[in-house]
Amino acid sequence: MRIIKSEEISNAVKNLIIHSSVNLPEDTYNGLKTAFEREISEQGKTVLSKILLNAEIAKNESKPLCQDTGLAVFFVEIGKEVSVKGKNLTDAINEGTRSGYSEGFLRKSTCDPLSRKNVGDNTPAIIHYEFTDGEKIKIMYAAKGGGSENMSALRMMRPSDGKDGIIEFAVETMRSAGPNPCPPNIVGIGIGGNFERSAILAKKSLFRKLNKPNADPELAEMEKIIFEKINNIGTGPMGFGGVCTVLGVHITKEPCHIASMPVALNVECHSHRHSEIII
Amino acid sequence: MDPIKITAPLDDDIILNLKTGDDVLISGTIYTARDAAHSRLVKLIEENKPLPFELKGQIIYYVGPTPEKPGEVIGSAGPTTSYRMDKYAPILMERGLKGMIGKGKRSAEVKEAMKKYKAVYFGAIGGAGALISKTITSSKVIAYEDLMSEAVRKLTVVDFPAIVVNDVYGGDLYEEGREKYKDKFNK
């Protein structure tokens, strides 16, 4: 059994958070560049060029890409041959979150849902665990902003709604979101599982690298159709009109109940900050 | 077309000249407020108590910046989504507010109030907080420090870039833009 000290986990989490807040990942940057070349609206092109310029400034001056440095969301894969010594893994990740948001001068955005009083240290992080083979721990992190998260939706569809129903749900959700979630967006869709599982699948879909093809040809075809339909809505960069409303559509599916077809759609903004580390 | 340079606070002459789709560069003094601060401002109005700043002619920027590092004027400071302030915006316009900067759609009530009270809604680029912060030359918390990033700040801005989304004539860039580029992808 391999032993990892909890301090090592906390430190890695802190560094992931600080690094992600100022460095736009390569796949996101390239996606935005492709959108800039494809966009036909002059205003849309201007917006995209400023978003790309913002990424340069953020990197060069170590200044957060966006003031909404998000809730800290983690997908963690734990090998069966590894154990954490010291704090438990959840506490270690929250400790790293606390120090990352503090030492990185990032905005603390967690608050009580009713009193709205700020928690003050951006905890608790949202953590999803999976167990795998091996002796490593893989930590995937995303800074998830509120503006795009608010435009997300979940529907318990009828099995008879079929693929066409799912496509329509996705397009209508993005039509109704319009300029609000900072387009061009990335859309994560989870199909199947149950109520909560579909939402987790939708979120996890966002972690797939942009433009990495879906291994399932049926889902790849659905992604292509939804991508084109959303870009034909006309919303465009920041909603000022244009043909680049989404940078990518990522679908994941899992078996579900014979009576159900849960579909969740998680919207991500163009400031798609995600990174991972294997310890 | 070159951007239109305007200076805040705004008067009606400036407002009436602005049209949906115009690029503007805003200079002068503006104030920040998000949900929590709006809720407090409106409560003060309802209780006939004085506000922390005079609303007449002012622009409110919907923003909650990141904490500034030592030596910085302000942290990253891009717009937040505006519809959350829709509930509070009409009463502020009634009291003299002339401009709002944010991102995303406004309600029918807010758009009506903009026509009625002669006010304009500007869209800024969401997710460009590092870029936008360069146009902010001073920042001072003037109220509600306990709200942390949501405190009310008085900002001095120089050539802050924005675009007129809703003008006083009922124009709406989000609707017009979408109509123009509908079904144009891959054509």
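Modeller: Helices here are DSSP runs of H or I with at least four residues, numbered from the N terminus. And keep in mind that this is a predicted model.

Colleague: Fine. In which helix is B:Gly129 found?
Modeller: Look at residues 129–133 of chain B, which make up one DSSP helix.

Colleague: Is B:Gly129 buried or exposed?
Modeller: The cut-off for buried is 20 or more other C-beta atoms within 10 Å. B:Gly129 has 30 C-beta neighbours inside 10 Å, so it counts as buried.

Colleague: Which residues of chain A is B:Gly129 in contact with?
Modeller: Leave aside the neighbours within four places in sequence. In chain B, the contacts of B:Gly129 are then B:Ser76, B:Ala77 and B:Gly78. Across in chain A, they are A:Pro64, A:Leu65, A:Cys66 and A:Gln67.

Colleague: And how far apart in space are B:Gly129 and B:Lys56?
Modeller: In sequence, 73 residues separate B:Gly129 and B:Lys56. In space, C-alpha to C-alpha, the value is 27 Å.

Colleague: Let's go to the interface. Which element gives the most to the side of chain A that touches chain B?
Modeller: Overall, 44 residues of chain A are in contact with 42 residues of chain B. Two elements of chain A give two or more residues to that side, helix 3 (42–61) and helix 8. By class, the chain A side has 18 nonpolar, 19 polar and seven charged residues. The element that gives the most, with eight residues, is helix 3 of chain A.

Colleague: Helix 8 of chain A again, then. What is the handedness of the crossing of helix 6 of chain A and helix 8 of chain A?
Modeller: The axes of helix 6 (residues 162–177) and helix 8 (residues 217–231) of chain A come within 10 Å and cross at roughly 35 degrees. As for handedness, the crossing of helix 6 and helix 8 of chain A is right-handed.

Colleague: How many charged residues has the contact of helix 6 of chain A with helix 8 of chain A?
Modeller: From helix 6 of chain A come A:Lys163, A:Ile167, A:Ala170, A:Val171 and A:Met174. They meet A:Met222, A:Ile225, A:Ile226, A:Lys229 and A:Ile230 in helix 8 of chain A. Sorted by class, that contact has eight nonpolar residues, no polar ones, and a charged count of two.

Colleague: Last one: what is the bridge partner of A:Glu77?
Modeller: Strand 2 and strand 4 of chain A run parallel and are joined by seven bridges. In strand 4 of chain A, the partner of A:Glu77 is A:Glu130.

Definitions and conventions: Residues numbered from 1 in each chain as written. Chains lettered and ligands numbered in written order. Predicted model: local features only at pLDDT ≥ 70, side-chain atom pairs only at ≥ 80, totals over all residues. Axes fitted to C-alpha atoms, helices over the stretch in contact; angles between N-to-C directions. Left-handed = near helix turned anticlockwise from the far one by under 90°. Contact = placed C-beta atoms within 7 Å. Nonpolar A, V, L, I, M, F, W, Y, C, P; charged D, E, K, R; others polar. Buried ≥ 20, exposed ≤ 12 C-beta atoms within 10 Å, placed from the backbone. Pairing = 2+ DSSP bridges.
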